[in-house]
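Trainee: Before I use these labels in my own work, I would like to go through each of them with its criterion beside it.

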Amino acid sequence: PSSYTIRIFSLAGDLIRTITRGSDGSNDINTSTFEKWDLKNDFGLYVASGIYLADIEIPEVGDKILKLAIVQPDQGLSTY
């Protein structure tokens with residue numbers, strides 16, 4: 001599609017990340033059928049392991065909601 005918006009939510013309904021393409025002109029149109037997510041939230045921090053919901057909105061097609069299972073490797077804080 002020429003433009004789309006992907007919103008990733010926690011199961012509590014908190015918005016974790018928004019990924020957009022095409023409509024605002026800020027991102028090049030992705031020629032692939034895949035979108036990469038670096039598993040970070042909008043603040044640049046890695047998300048925790050768990051279940052997330054992805055709301056995919058494509059203007060020409062409609063909306064689709066998917067469940068995502070994220071399993072992160074063990075992470076520890078180096079400073080507190």
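The conversation below takes the labels one at a time.

Mentor: Keep in mind that this is a predicted model, in which local features need pLDDT of at least 70, side-chain atom pairs count only at pLDDT 80 or more, and totals for chains, interfaces and linings use all residues. Residues are numbered from 1 along each chain as its sequence is written, and side-chain values use heavy atoms, with hydrogens and water left out.

Trainee: What makes the pattern of this protein β-β-β-β?

Mentor: Helices (H or I, at least four residues) and strands (E, at least two) are DSSP runs numbered from the N terminus, and the protein has zero helices and four strands, so the pattern along the sequence is written β-β-β-β.

Trainee: How do you know which strands pair, and in which sense?

Mentor: Two strands pair if DSSP finds at least two bridges between them. S1 and S2 are joined in the antiparallel sense over six bridges, S1 and S3, also antiparallel, by six bridges, and S3 and S4 by nine bridges in the antiparallel sense, so each of these counts as a pairing. The result is an open sheet in the order S2-S1-S3-S4, with S2 and strand S4 (62–70) as the edge strands, each pairing on one side only. Individual bridges can be named as well: Ile6 has Ile56 in S3 as its partner, Thr5 stands opposite Thr20 in S2, and Tyr52 is bridged to Leu68 in S4.

Trainee: What lies between S1 and S2?

Mentor: Four residues separate the two strands of this hairpin, and Gly13 in the turn has a positive phi of about 95°. Leu39, in the loop between S2 and S3, has phi near 65°, a positive value in a residue other than glycine.

Trainee: Why is Leu39 called partly exposed?

Mentor: Buried means under 20% relative accessible area, exposed over 50%, and partly exposed in between (1.4 Å probe, protein chains only). Leu39 has 24% relative accessibility, so it falls in the middle class. Of the 80 residues of the protein, 24% count as buried, while in S1 five of the seven residues are buried, and that strand is mostly covered.

Trainee: Why are Trp37 and Tyr52 called an edge-to-face pair?

Mentor: Rings of Phe, Tyr and Trp (its six-membered ring) pair if their centres lie within 6.5 Å, and planes under 30 degrees apart count as stacked, over 60 as edge-to-face and the rest as tilted. For Trp37 and Tyr52 the values are 6.5 Å centre to centre and 80° between the planes, and because that angle is over 60, the pair is edge-to-face. Trp37 lies in the loop between strand S2 (15–21) and strand S3 (50–58) and Tyr52 in strand S3, so the pair ties together parts that are 15 residues apart in sequence.

Trainee: What makes a set of residues the largest nonpolar core here?

Mentor: A nonpolar core is a set of buried Ala, Val, Leu, Ile, Met, Phe, Trp, Tyr and Cys residues joined through side-chain atoms within 4.5 Å. The largest one has ten residues, among them Ile8, Trp37, Val47 and Tyr52; Trp37 and Tyr52 are both buried, as the definition requires. Strand S1 (4–10), S2 and S3 each give two or more residues to this core, and S1 gives the most, with three residues.

Trainee: Which residues does Ile8 touch?

Mentor: With contact meaning heavy atoms within 4.5 Å, and not counting residues up to four places away in sequence, Ile8 touches residues including Ile16, Ile19, Trp37 and Tyr52.
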